[in-house]
Amino acid sequence: MGTGGARVGARVRSRRGRARCPPAVFPVRPARLAPMRIVVLAGGIGGARFLRGLKRAVPDADVTVIGNTGDDIHLFGLKVCPDLDTVMYTLGGGINEEQGWGRAEETFHLKEELAAYGVGPEWFGLGDRDFATHIVRTQMLGAGYPLSAVTEALCDRWKPGVRLIPMTDDRVETHVAVEVDGERRAIHFQEYWVRLRASVPAAAIVPVGAEQAKPAPGVLEAIGAADVILFPPSNPVVSIGTILAVPGIREAIAEAGVPVVGLSPIVGDAPVRGMADKVLAAVGVESTAAAVAEHYGSGLLDGWLVDTVDAAVVERVEADGIRCRAVPLMMTDVDATARMAQEALALAEEVRPA
Ligand code: GDP
Ligand code: CA
């Protein structure tokens, strides 16, 4: 809380300054705390869980989430946006907590019926409750609404307490170049991640369509108005990397003139969860907290949090011009995650340009 207070305090002082003007000329407005405006670039599970902690740490903050849509896939004629939905369900109270994705109290009748017709893929877990989200989304897209408007409509139900915007309304699909039976071919990211469990080496990761994509309405505006920009412990390649690949987003963040602080998804030289090491290898980055910070670079990042087990790398990261602190980074529960968010905001204040 200390951090949020520090920033908010600064604003109150400036408001009080104005309020000292003679009331007859300038009507006195009650001194109100201006909410801190935080922009978060988020993938799925890592991003969503961090956001829940951030909301606990600064409940009054105005949080805009720019969500990754490179993981999106068309299945059974439906548009599925796994990362947007993970954020929406997690913050809206509908997530399957153990899994970290999909709906709580889920059933799989529809999938079983499809399988009975021989219609797959069977490797992607879509439950009955979850299907409804994809049906509504696909129907609205078919009616001509852009994905950003559809996401807003879905969030009307879930009330995630943040503004969730897809990185783009355009189609971007992350493909992975792999060698299967001695033959190199590109497969959809979900096939690589979910079906193959990243078990074959990835030669390249390509966000197909990103070069032509435009940031969704509100994305650049939110970045431009932000007090702080955070990179949660999301996948640096296929979540945050994909968002940054949409022309204009990386530039807007670098030029925003506000602190940009990230939290490492790599702890003790391995991803806390999942196979991020495999996609980091594909882009030539070693699986360490320091290497990920260097991959983002001091042109983008002002501050970087590593876990206490990686305290030895703090000096190396700081030598690269990125302020670094070692703090506990395991999101074991919401309180622990809230403390991580507080640390990130505290570091943001430390690096805030005068
Ligand atoms: P995805 O889209 O579901 O893969 O989720 P994200 O891209 O948002 O986040 C995935 C990353 O979160 C993985 O690389 C994990 O290492 C990281 N992660 C998951 N749980 C934790 C945690 O408790 N602490 C930290 N530091 N990272 C975590
Ligand atoms: Ca994802």
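Reader: Hi! How much area do domain 1 and domain 2 bury between them?

Author: About 1,200 Å², with 59% of it on carbon and sulfur atoms. Buried area is the accessible area (1.4 Å probe) that two parts lose on being put together, summed over both.

Reader: Which residues of domain 1 lose the most area to domain 2?

Author: Ala48, Arg52 and Asp169, which together make up 35% of what the domain 1 side buries. By the way, this is a predicted model, where local features need pLDDT of at least 70, side-chain atom pairs count only at pLDDT 80 or more, and totals for chains, interfaces and linings use all residues. Residues are numbered from 1 along each chain as its sequence is written, chains are lettered from A and ligands numbered from 1 in the order in which they are written, and side-chain values use heavy atoms, leaving out hydrogens and water.

Reader: Thanks! Where are the domains in the chain?

Author: Domain 1 is 1-70 + 167-172 + 209-354, domain 2 is 75-159 and domain 3 is 173-208. Those bounds come from an automatic or database domain assignment.

Reader: New topic! What are the protein donors of the calcium ion?

Author: Asp71 (OD), Asp83 (OD) and Asp83 (OD), lying 2.0 to 2.6 Å from the calcium ion (ligand 2). Donors are N, O and S atoms within 2.8 Å of the metal (3.2 Å for Na, K and Ca); water is not among the atoms, so sites may look incomplete.

Reader: Where do Asp71 and Asp83 lie?

Author: Asp71 is in the loop between strand S2 (62-67) and strand S3 (73-75), while Asp83 is in helix H3 (residues 82-92), so the pair ties together parts that are 12 residues apart in sequence. Helices (H or I, at least four residues) and strands (E, at least two) are DSSP runs, numbered from the N terminus.

Reader: Is Asp71 buried or exposed?

Author: Asp71 is buried, at 5% relative accessible area, and Asp83 is buried too, at 7%. Buried means under 20%, exposed over 50%, partly exposed in between (1.4 Å probe, protein chains only).

Reader: What does the side chain of Gln190 reach?

Author: The backbone oxygen of Asp71, at 2.8 Å. Gln190 sits in helix H7 (residues 189-195) and is buried at 4%.

Note on methods. Polar contact = N/O pair within 3.5 Å; in protein donor to acceptor, adjacent residues only side chain to side chain.
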